[in-house]
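Q: Hi, I'm new to this one. Could you walk me through it once it's on screen?

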Amino acid sequence: MTAVLFFLFAAAALAGALGVVLSRNPVHSALWLVLTLLSVAVFFLLQSAQLVAAVQVIVYAGAIVVLFLFVIMLLGVDREETLSDPIKLQRPAAIVLGVLMLGEVLVLAGHEWATGAQTAHGVPIHGLMDTGTDPGNNIERVARVLFTDFLWPFQLTAALLVVAVIGAIVLARRSGERPEDPGPGIPAAERARPGSGSGERPEADAETSEGTS
Amino acid sequence: MIALEITGSYYLILAALLFTIGAVGLLVRRNVLVMFMCVELMLNAVNLTFVTFAKMLDDVTGQVLVFFTLAVAAAEVAVGLAIIVAIFRRRSGATADDLDVLKG
C-alpha cells in the first residue's frame, strides 16, 4: 500500500516539477506546481507528519500559488515565452550542471557523515499513524518542541511575517511614477509626495492597492 | 500488492530529483515568475528531506524546521512578488534578460 502510494505520487511530483519547468505559459506552470505541492503533502502524510502536510496544503497550495496566479493575471504576463536562447550555450551548461549537482546530492544523501542517519538508513517508512517513540500524536509532539526549544525562533517568525507584509505593501503600492488615478481616501498632500510616509499608514495603503488593482 | 519496503533513501532520492529539476529550471527559464516557482520547487524538495530525516532519526525537530521554512517561504513570496510587481510597473519586459540596469 505504502509502496503503491509512494510510486504513484512520486510520478505525479516529478511530472509536476517537469511541467513547471517546461510549460511555456506561466499559468500552466503554476497549475503544475500545485500538483507537485499536493504530492509532497502526500509524502508528508506517508511519513506521519500530519500537521506539516495540512500546513503545506493550506499555505502553499492555498495561499502561495493563488498569490502567484493573482500576480500573473495582474501583470498580464500570461503570454507564451520565446524559445530563443539569449545567452549562448546556457541551456546545455545548465543541464550539465544540473546532472552534476544531482550526482552530488545523491552521494551526500547516501553517506552517513552528511546525514547522521547511519542506523536508520534501511529502516522502512511505515504508514500513517506510526508515531515513533515519543508519546502523543504528531501535533502534540510538534507543539511541544515548537513552544519549548524553538520558542524564540517562533517569535522571530511572527516579527518576520509582519515585516514581510509591510514590505510587500510598501513595494507594491503605486508610487506615482505615472499619472494614475489613485483610489479614494488618500489626501492630496500625500498623493503629491510619493514615497513619504509609506510605512506609517499600511492599512490605508492596503485598501488603496486593493481598490485600484 | 508490491512487496517492496519504502525506505528513507527513496524519499531522499526523490527530493534530490525535485531539487535538481528546480535548479535547472531556475537556470534555464527566463520568465521571472517561473523562476520564482522553481525556487519554490527547490524549497519543497528541502522540506521533503527535512521530514524524511525527522522520520529516519525519530526526531520531530525536522518537522518544526519545515514549519519555519514554510513561514519564511511565505514571507519570501510576498516580498518577491511585490518586487516583481514594482519592476513590471516600470518596464514591461517579462524576462530576466530585460533587467540589465546594473550591467557595467
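Q: Leaving aside neighbours within four places in sequence, what is Leu14(B) in contact with?
A: Leu14(B) is in contact with Phe6(A), Ala10(A), Leu14(A), Phe43(A) and Leu48(B), where contact means heavy atoms within 4.5 Å. One caution: this is a predicted model, where local features need pLDDT of at least 70, side-chain atom pairs count only at pLDDT 80 or more, and totals for chains, interfaces and linings use all residues. Residues are numbered from 1 along each chain as its sequence is written, chains are lettered from A and ligands numbered from 1 in the order in which they are written, and side-chain values use heavy atoms, with hydrogens and water left out.

Q: Is Leu14(B) buried or exposed?
A: Leu14(B) counts as buried because its relative accessibility is 3%; buried means under 20% relative accessible area, with a 1.4 Å probe and protein chains only.

Q: Okay, zooming out: how many residues of chain A are in contact with chain B?
A: On chain A, 89 residues are in contact with 73 residues of chain B.

Q: And what area is buried between them?
A: About 7400 Å², with carbon and sulfur atoms giving 75%. That is the accessible area (1.4 Å probe) that two parts lose on being put together, summed over both. Gln47(A), Tyr60(A) and Phe68(A) supply 9% of what chain A buries against chain B, more than any other three residues.

Q: Which side chains meet in a salt bridge?
A: Asp58(B) and Arg141(A) do, at 3.6 Å, N to O. The term needs a side-chain nitrogen of Lys or Arg within 4 Å of a carboxyl oxygen of Asp or Glu. Between chain A and chain B the count is one.

Methods
Buried < 20%, exposed > 50% of the residue type's maximum accessible area, 1.4 Å probe, protein only.
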